[in-house]
Amino acid sequence: MPDREQLRGHWNEVKGRLKEHWAQLTEDDLRRAEGSADRLVGVVQQKTGATRNEIERFLDSLFSGGVRDQASETVQQYSDAAQRVAAEASQYAREQAQRFASQSSDYSAKLVDRARTRPGETLAIAFGLGLAAGAFLFLGRKK
């Protein structure tokens with residue numbers, strides 16, 4: 001028979017399984033028994049007419065594999081979902097990186113083309129940037 005800690009650790013699962021097995025059990029019935037296997041057996045007995053032995057066997061079957069298997073299955077489902085999300089995120093990141101690389105090369109090609117078609121303008125811009133960088137460095141040193 002499960003102990004208090006086992007019941008508390010898996011209470012929601014136990015409640016659900018009890019309600020599936022004995023549909024006449026209500027949330028209030030189960031709330032009265034929460035945390036105590038003996039009280040739980042008493043409440044189920046009173047409400048359903050099942051024997052103590054039958055109820056104890058049912059609870060033992062839950063904890064001998066039922067709850068553990070269900071928990072293991074749930075963990076596996078979450079793990080699978082996390083792997084899918086990670087794969088989708090990885091694919092999205094790859095696509096974005098490819099798009100960015102494509103746009104960067106297109107932009108670079110446009111800059112090179114502009115430099116070829118307008119060399120005077122390109123030199124003026126480069127000269128202005130050089131002056132700005134020099135002034136920034138010079139002023140930064142004086143402090």
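This note comments on selected features of the structure above, point by point.

1. Basis of the note. The model is predicted, so local features need pLDDT of at least 70 and side-chain atom pairs count only at pLDDT 80 or more, whereas totals for chains, interfaces and linings use all residues. Residues are numbered from 1 along each chain as its sequence is written, and side-chain values use heavy atoms, with hydrogens and water left out.

2. Salt bridges overall. Side chains of opposite charge can pair when their charged atoms come close. A salt bridge here is a side-chain nitrogen of Lys or Arg within 4 Å of a carboxyl oxygen of Asp or Glu. Nine salt bridges are found in a search of the whole structure.

3. A bridge between two helices. One of the salt bridges joins the side chains of Lys-15 and Glu-27, at 2.6 Å from N to O. This pair links distant parts of the chain, 12 residues apart: Lys-15 belongs to helix H2 (residues 11–21) and Glu-27 to helix H3 (residues 27–33). Helices are DSSP runs (H or I, at least four residues), as are strands (E, at least two), numbered from the N terminus. Lys-15 counts as buried, at 15% relative accessibility, while Glu-27, at 28%, counts as partly exposed. The terms are set by relative accessible area: buried is under 20%, exposed is over 50%, and partly exposed lies in between (1.4 Å probe, protein chains only). Lys-15 and Glu-27 also belong to a network of salt bridges that includes Lys-19.

4. Two further bridges. In helix H3, Arg-31 forms a salt bridge with Asp-28, and their closest N and O atoms are 2.7 Å apart. These residues are three apart in the helix, so about one helical turn separates them. Another salt bridge joins the side chains of Arg-118 and Glu-121, at 3.8 Å from N to O. Arg-118 is partly exposed, with a relative accessible area of 41%, and Glu-121 is partly exposed at 33%.

5. Ser-36 lies in the loop between H3 and H4 and counts as buried at 13% relative accessibility. The side chain of Ser-36 reaches the backbone nitrogen of Arg-39 at 3.2 Å. The 12 residues of H4 (residues 37–48) should span 16 Å at 1.5 Å a residue, which agrees with the 16 Å between its end C-alpha atoms; the expected span is 1.5 Å times one less than the number of residues. The buried residues of H4 are Ala-37, Leu-40, Val-41, Val-43, Val-44 and Thr-48. Seen down the axis of H4, they fall within an arc of 165°, so they line one face of the helix; the arc is that of the directions from the helix axis to the C-beta atoms. Gly-49 follows H4 and has a positive phi, near 85°.

6. The aromatic pair. A search of the whole structure finds one aromatic pair. Rings of Phe, Tyr and Trp (its six-membered ring) pair if their centres lie within 6.5 Å; planes under 30 degrees apart count as stacked, over 60 as edge-to-face and the rest as tilted. The ring centres of Trp-22 and Phe-58 are 5.2 Å apart and their planes stand at 65°, so the pair is edge-to-face. Trp-22 lies in the loop between H2 and H3 and Phe-58 in helix H5 (residues 52–117), so the pair ties together parts 36 residues apart in sequence. Both Trp-22 and Phe-58 are buried.

How values were computed. Polar contact = N/O pair within 3.5 Å; in protein donor to acceptor, adjacent residues only side chain to side chain.
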